[in-house]
Amino acid sequence: MLASIPVSIVIGIILGFLTGLGTGGGSLLVLWLTLVLQTPPAHARLINLMFFLPCALVATLINWRKGRVSFQKLLLPALSGCVMAAVFSIISKNMNTEQLKSLFGVLLIFIGI
């Protein structure tokens, strides 16, 4: 039932809304996928990326059209984020699932604080 198409659509709408607000809907998606749907963490992260990219692109374009985004100010943080994402993707290949779960839990605690 929780993996049904209507439930997936509702979850997608809720998480898309949260992502549009900039509140970290992707983190909640990973939790949903791993804890509720029992998706392996590596697959959950990949699904999260595929969910996040179009949502972020749409939100960025809408905010840019409203004059809220300066691409000059965005360029350095975006490039830094891409470099670190690549570095930690390589590092995470050498970690087991329990280590990644622990690090993700610590990250969520810091986000919550």
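Biologist: Which residues does Thr39 touch, leaving out those up to four places away in sequence?
Modeller: In this predicted model, Thr39 touches Leu33, Thr34, Ala44 and Ile47, with residues up to four places away in sequence not counted.

Biologist: And where does Thr39 lie?
Modeller: Thr39 is in the loop between H2 and H3.

Biologist: Buried or exposed?
Modeller: Thr39 is buried, because its relative accessible area is 16% and the cut-off for buried is under 20%.

Biologist: What about Gln38, buried or exposed?
Modeller: Gln38 has 60% relative accessibility, so it counts as exposed. Gln38 is also placed in the loop between H2 and H3.

Biologist: What is phi of Gln38 near?
Modeller: Phi of Gln38 is near 60°, which is positive, and the residue is not glycine. Most residues other than glycine have a negative phi.

Biologist: Which residue with a positive phi follows H3?
Modeller: That is Gly67, with phi near 80°.

Biologist: Stepping back, how many helices and strands does the protein chain have?
Modeller: The protein chain has five helices and zero strands. Its pattern along the sequence is α-α-α-α-α.

Biologist: What does the C-alpha trace span along its principal axes?
Modeller: About 40 × 35 × 25 Å. The accessible surface of the protein chain is about 8,600 Å², and 75% of that belongs to carbon and sulfur atoms.

Biologist: What share of the residues is buried?
Modeller: Buried residues are 18% of the 113 in the protein chain. As for contacts between residues at least 6 apart in sequence, 41% of them join residues at least 24 apart.

Biologist: How does the lining split by class?
Modeller: There are 30 nonpolar, 15 polar and three charged residues in the lining of the largest pocket.

Biologist: Back to Asn48. Which helix is it found in?
Modeller: Asn48 is found in H3. Asn48 has a relative accessible area of 16%, so it is buried.

Biologist: What does Asn48 touch, not counting residues up to four places away in sequence?
Modeller: Asn48 touches Gly26, Leu29 and Val30 on that count.

Biologist: Which other residues in H3 are buried?
Modeller: Besides Asn48, the buried residues in H3 include Ala44, Phe51, Ala56 and Ala59. In an α-helix with 3.6 residues a turn, residues three or four places apart point the same way.

Biologist: What span should H3 have, and how far apart are its end C-alpha atoms?
Modeller: H3 has 25 residues, so at 1.5 Å a residue it should span 36 Å. The end C-alpha atoms of H3 are 36 Å apart, which agrees. The expected span is taken as 1.5 Å times one less than the number of residues.

Biologist: Last one, Gln99. Where does it lie?
Modeller: Gln99 lies in H5 and is partly exposed, with a relative accessible area of 39%.

Biologist: What separates the C-alpha atoms of Gln99 and Val69?
Modeller: The separation is 36 Å, for two residues 30 apart along the chain.

Notes
Residues numbered from 1 in each chain as written. Predicted model: local features only at pLDDT ≥ 70, side-chain atom pairs only at ≥ 80, totals over all residues. Heavy atoms only, no water. Nonpolar A, V, L, I, M, F, W, Y, C, P; charged D, E, K, R; others polar. Helix = DSSP H or I, 4+ residues; strand = E, 2+ residues; numbered from the N terminus. Buried < 20%, exposed > 50% of the residue type's maximum accessible area, 1.4 Å probe, protein only. Contact = heavy atoms within 4.5 Å. Areas by Shrake-Rupley, 256 points an atom, 1.4 Å probe, with all protein chains shown as cover.
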